[in-house]
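This briefing covers selected features of the structure shown below. The points are grouped by topic.

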Amino acid sequence: MNQFSPGAPGSPTGEPGATAGSPADSPANSSGDLAALLKQSGLGDEAAFAQLYDATSARAYGLALRIVRDPSQAEEVAQEAFLEIWRTASRFDPARGSAVSWVLTLVHRKAVDRVRSAEASTRRDTAYHQDNRGVEHDTTAEAAHASIEARRVRQALASLTEPQRQALELAYFNGYTHTEVATMLDLPLGTAKTRIRDGLIRLRDTMGVGQ
Amino acid sequence: MSTFDNESLHALSGAYAVDALDDTERAAFEQHLLDSLSGRFADQGSAP
């Protein structure tokens with residue numbers, strides 16, 4: 001896997017070879033291509049995996065950075081995630097969701113695991129303030145956010161009630177468990193669960209997913 | 001999983017989707033998903 005190392009933080013597009021054109025330029029038809037690449041990767045096709053990597057690594061790194069807040073740790077998380085993607089690509093089922101969702105879900109899971117093990121020895125209130133400082137200006141995240149899809153997500157997030165958005169952001173972007181979210185917001189556990197769930201349902205409805 | 005009834009597992013679906021469950025809860029939720037899926041597949045005569 002010579003294409004394997006994640007792009008350096010200063011390399012926003014993360015396209016070492018860039019033989020696959022620029023998938024970011026064609027969001028409308030890239031999802032089917034990515035699903036095909038993922039399927040080929042599942043069969044052991046390294047070239048397909050390299051293309052998949054080129055097409056998704058910038059977003060994967062951006063998401064990991066948003067959660068772990070440290071460029072070198074985000075690189076490690078992205079690398080771990082892509083290793084798992086390579087190993088488990090055959091489990092991808094296009095009937096259940098897009099290839100991008102599948103990839104980013106794996107990245108998110110890895111990033112959250114990293115945050116939790118790193119925070120095991122850190123006081124939560126300290127972590128909370130650190131996590132709420134906001135991400136420093138970063139071209140990778142900027143590139144990822146520039147997509148139409150991201151704009152739709154931001155608009156949908158704006159449609160949430162403030163309590164829903166707050167609970168979802170703590171859970172998704174900061175990697176807290178719903179129990180921790182409840183504690184941090186001083187809510188009954190059931191209320192925290194409901195806010196996260198209702199927030200997701202509202203996002204789904206606003207974005208017209210699954211129509 | 002005796003500690004989680006169906007009702008409370010269902011309520012966890014949102015938290016599951018955003019990776020906001022701890023390991024125990026995640027395992028219980030996934031087992032619950034598997035159970036309901038295998039129930040559905042059994043109806044169609046094919047195991048998952």
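Asp19(B) sits in the loop that links helix 2 (13-17) and helix 3 (23-44) of chain B. The model is predicted. Phi of Asp19(B) is positive, about 55°, although the residue is not a glycine. With a relative accessibility of 3%, Asp19(B) counts as buried.

- Arg69(A) is a residue other than glycine with a positive phi, near 65°.
- The loop between helix 2 and helix 3 (71-88) of chain A holds Arg69(A).
- Asp186(A), with a positive phi near 55°, follows helix 9 of chain A.

**Chain A overall**

- Chain A contains ten helices and zero strands.
- Along the sequence, the pattern of chain A reads α-α-α-α-α-α-α-α-α-α.
- Of the 211 residues in chain A, 39% are buried.
- Among contacts in chain A with a separation of 6 or more, 71% come from residues 24 or more positions apart.

**Helix 2 against helix 4 in chain A**

- Helix 2 (residues 46-68) of chain A packs on helix 4 (residues 99-119) of chain A at an angle of about 30°, and their axes are 9 Å apart.
- Helix 2 of chain A is therefore roughly parallel to helix 4 of chain A, since angles under 35 degrees fall in that class.
- The crossing of helix 2 and helix 4 of chain A is right-handed.
- From helix 2 of chain A, the contact draws on Thr56(A), Arg59(A), Ala60(A), Leu63(A), Ala64(A), Ile67(A) and Val68(A).
- Helix 4 of chain A contributes Val100(A), Val103(A), Leu104(A), Val107(A), His108(A), Ala111(A), Val112(A), Arg114(A) and Val115(A) to this contact.
- By class, the residues of the contact of helix 2 with helix 4 of chain A are twelve nonpolar, two polar and two charged.

**Helix 3 against helix 4 in chain A**

- Helix 3 and helix 4 of chain A pack at about 130°, with a distance of 9 Å between their axes.
- That angle makes helix 3 of chain A oblique to helix 4 of chain A.
- The crossing of helix 3 and helix 4 of chain A is right-handed.
- On the side of helix 3 of chain A, the residues that meet helix 4 are Gln73(A), Glu76(A), Val77(A), Glu80(A), Ala81(A), Glu84(A), Ile85(A) and Thr88(A).
- Their partners in helix 4 of chain A are Trp102(A), Val103(A), Leu106(A), Val107(A), Lys110(A), Ala111(A) and Arg114(A).
- The contact of helix 3 with helix 4 of chain A comprises eight nonpolar, two polar and five charged residues.

- Gln164(A) belongs to helix 8 (residues 162-172) of chain A.
- The relative accessible area of Gln164(A) is 11%, so this residue is buried.
- Leaving aside residues up to four places away in sequence, Gln164(A) touches Arg195(A), Asp198(A), Gly199(A) and Arg202(A).
- Buried residues in helix 9 (residues 178-185) of chain A are His178(A), Glu180(A), Val181(A), Ala182(A) and Leu185(A).

Conventions. Residues are numbered from 1 along each chain as its sequence is written. Chains are lettered from A and ligands numbered from 1 in the order in which they are written. This is a predicted model: local features need pLDDT of at least 70, side-chain atom pairs count only at pLDDT 80 or more; totals for chains, interfaces and linings use all residues. Side-chain values use heavy atoms; hydrogens and water are left out. Axes are lines fitted to C-alpha atoms, for helices over the stretch in contact, and angles run from 0 to 180 degrees between N-to-C directions. Helices (H or I, at least four residues) and strands (E, at least two) are DSSP runs, numbered from the N terminus. Angles under 35 degrees count as roughly parallel, over 145 as roughly antiparallel, 65 to 115 as roughly perpendicular and the rest as oblique. A crossing is left-handed if the near helix is turned anticlockwise from the far one by less than a right angle, and right-handed if clockwise. Contact means heavy atoms within 4.5 Å. Ala, Val, Leu, Ile, Met, Phe, Trp, Tyr, Cys and Pro count as nonpolar, Asp, Glu, Lys and Arg as charged, and the others, Gly among them, as polar. Buried means under 20% relative accessible area, exposed over 50%, partly exposed in between (1.4 Å probe, protein chains only).
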